[in-house]
Amino acid sequence: MEAGGSKSRLERDYVYIKDRPSNKMSQHPPLASKPYSSTVSISTTEEWEKELLGDPKNRLALSALSSHDPKAVLSQRSATIANTQIFNVKVELEGAPITNQRASGRCWLFAATNVFRVAIMKRYNLKEFELSQAYLFYWDKLEKANYFLEQILETVDEDLEGRLIQRLLEGPVGDGGQWDMVANLVEKYGLVPQSLYPDSFNASSSGAMSGLVTTKLREFALELRQLASRSSDAKQSLGAAKEKMMREIHLMLTVMLGPPPSPDKEITWEYHDKDEKFQSLTTTPLKFAGELSSQASIKANSGTNVHELFSLVNDPRNKYGQLLSVNRLGNVVGMRPVRYVNVDMTTMKTACISMLRANIPIFFGCDVGKFSDRDSGVMDTDLIDYELGFNTRLGLSKAHRLMTHESAMTHAMVLTAVHVIDDKPVRWRVQNSWGEAPGSKGFFVMSDRWMDEFVYQAVVDPKFVGDEVKDVLKQEPKMLALWDPMGALA
């Protein structure tokens with residue numbers, strides 16, 4: 001979800017401790033006995049300051065850190081040097097051009113369509129190709145509005161000031177999403193080439209539009225709750241009122257994004273293949289998406305049907321080998337919910353390496369702002385030495401970060417390569433959607449240690465995991481609360 005120009009999440013880091021016990025909090029030395037005080041003592045802080053500034057190292061830190069970005073001052077050159085863009089396992093076709101979500105939170109749509117497009121490029125012999133993210137964005141906004149109003153009707157008996165309703169009202173049509181949500185959109189509305197539905201201003205800079213629609217939906221929520229209080233069966237009696245509301249949302253989205261192609265009406269796509277030969281294809285968005293499941297497309301994509309991919313997650317708070325879902329999280333009413341198969345990181349990484357060896361790129365979700373540098377495109381737990389600057393160790397395990405809402409999936413990108421030494425991954429190549437300026441012409445690199453700590457999700461082909469993992473999809477899911485960190489929308 002991290003937009004190209006956003007820095008708020010990127011600057012919210014915690015301090016990571018190397019060589020700490022994996023599931024224990026940091027151990028502090030015993031403190032000398034001292035009377036307890038519930039207030040901040042001015043005299044005590046003066047003593048602390050005198051002692052602090054008596055150390056030359058702290059005076060140097062004051063000079064440097066008070067006038068510069070701490071991340072820049074404490075950045076470790078060795079980490080940047082170690083994370084080279086050299087890999088011994090790489091997909092043959094990464095997809096081009098590098099995409100740019102600009103000032104929007106559509107990273108999940110960009111990551112998903114960047115995976116889909118590789119199969120299409122192979123199928124139609126293309127040098128460059130981009131699917132329309134705006135097309136899916138339009139339908140997602142409309143579907144989320146409907147989903148939100150349905151949730152409001154289902155929760156009319158809940159306290160307006162309660163946590164659930166307040167969470168629903170917090171972001172009814174946010175830009176972010178999850179893999180199962182894009183799968184719903186593709187199944188219902190299909191796909192179109194970007195040339196047939198390019199970004200409007202409000203697709204690439206979505207803040208004003210999303211804010212306006214959110215304001216209207218909050219107004220509608222209060223209105224529906226008031227109307228429902230007078231009815232014994234809210235859904236049956238409020239159909240006309242809800243349809244009027246949806247029509248207003250449809251108007252707002254259409255005039256700001258432009259009317260999209262109809263999913264079941266013909267479109268004509270004209271293009272040049274990589275041999276510079278003119279080609280023309282007349283189809284519908286639904287048929288164009290369905291083509292990804294054709295035998296020709298599956299064969300061209302190393303035997304993978306992208307419509308069958310599913311999410312592995314690593315959530316160490318919960319039992320591995322368990323199916324997870326999030327209560328009231330979704331976008332299309334009546335279609336697939338968000339589902340995660342919870343596995344250890346070894347299982348996730350083994351599946352990812354197998355997919356990359358088979359030339360299949362991978363959608364993944366992570367907390368991109370932690371220990372990363374936008375300019376160099378490096379993501380490494382050794383990148384910033386906070387202990388050097390602040391003389392303190394703050395240690396949270398991956399589970400503790402989730403428990404305290406210190407971390408969550410904030411961004412989706414695509415894995416296209418990995419460097420493996422002695423059968424162990426060392427670093428990973430990442431295709432981002434922030435344009436060509438960041439990183440190495442739009443590509444980032446993450447250390448394997450960073451992956452362990454900050455990657456939460458990878459979307460994989462079922463044939464690259466064992467039966468014991470696939471069988472988890474048959475379980476009844478453990479339902480997480482809507483405000484759980486695993487409910488974050490990338």
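Where is Leu224 placed? Leu224 is placed in helix 10, residues 207–228. The legends below describe a predicted model in which local features need pLDDT of at least 70 and side-chain atom pairs count only at pLDDT 80 or more, while totals for chains, interfaces and linings use all residues. Residues are numbered from 1 along each chain as its sequence is written, and side-chain values use heavy atoms, with hydrogens and water left out.

**Figure 1. Overall view of the protein.**
The secondary structure comes to 19 helices and 14 strands; helices (H or I, at least four residues) and strands (E, at least two) are DSSP runs, numbered from the N terminus. The C-alpha trace spans about 75 × 65 × 45 Å along its principal axes. Of the 490 residues, 53% count as buried. Buried means under 20% relative accessible area, exposed over 50%, and partly exposed in between (1.4 Å probe, protein chains only). The accessible surface comes to about 23,000 Å², and carbon and sulfur atoms account for 51% of this area. Accessible areas come from the Shrake-Rupley method with a 1.4 Å probe; for residues, only the protein chains shown count as cover. Among contacts (heavy atoms within 4.5 Å) between residues at least 6 apart in sequence, 80% join residues at least 24 apart.

**Figure 2. Close-up of helix 5 and helix 8.**
Two packed helices are described by the angle between their axes and the distance between the axes. The axes of helix 5 (residues 107–124) and helix 8 (residues 179–189) come within 10 Å and cross at roughly 65 degrees. Axes are lines fitted to C-alpha atoms, for helices over the stretch in contact, and angles run from 0 to 180 degrees between N-to-C directions. The crossing of helix 5 with helix 8 is right-handed; a crossing is left-handed if the near helix is turned anticlockwise from the far one by less than a right angle, and right-handed if clockwise. Helix 5 contributes Trp108, Leu109, Ala112 and Phe116, which meet Trp179, Met181, Val182, Leu185 and Val186 of helix 8. The residues of this contact divide into nine nonpolar, no polar and no charged. Ala, Val, Leu, Ile, Met, Phe, Trp, Tyr, Cys and Pro count as nonpolar, Asp, Glu, Lys and Arg as charged, and the others, Gly among them, as polar.

Pro97 lies in the loop between strand 1 (89–90) and helix 5. A cis peptide bond joins Ala96 and Pro97, with omega about 5 degrees. Asn125 lies in the loop between helix 5 and helix 6 (133–154). Phi of Asn125 is near 60 degrees, a positive value in a residue other than glycine. With a relative accessible area of 27%, Asn125 is partly exposed.

**Figure 3. Close-up of Leu224.**
Leu224 counts as buried, at 0% relative accessibility. Not counting residues up to four places away in sequence, Leu224 touches Leu149, Ile152, Leu153, Leu238 and Met245. Gly369 is 145 residues from Leu224 along the chain, and their C-alpha atoms are separated by 38 Å.

Ser200 is found in the loop between helix 8 and helix 9 (201–204). Ser200 is buried, with a relative accessible area of 18%. Leaving aside neighbours within four places in sequence, Ser200 is in contact with Met256 and Leu257. Thr283 is in strand 3 (residues 278–283) and counts as buried at 11% relative accessibility. With neighbours within four places in sequence again left aside, the contacts of Thr283 are Lys265, Glu266, Ile267 and Phe288.

Asp375 is in the loop between strand 8 (372–373) and strand 9 (378–379). At 63% relative accessibility, Asp375 counts as exposed. Leaving aside neighbours within four places in sequence, Asp375 is in contact with Pro438 and Gly439. Asp375 and Gly442 are 67 residues apart in sequence and 9.8 Å apart in space, C-alpha to C-alpha. His405 is in the loop between helix 17 (398–403) and strand 10 (411–421). Phi of His405 is near 60 degrees, a positive value in a residue other than glycine. His405 is partly exposed, with a relative accessible area of 43%.
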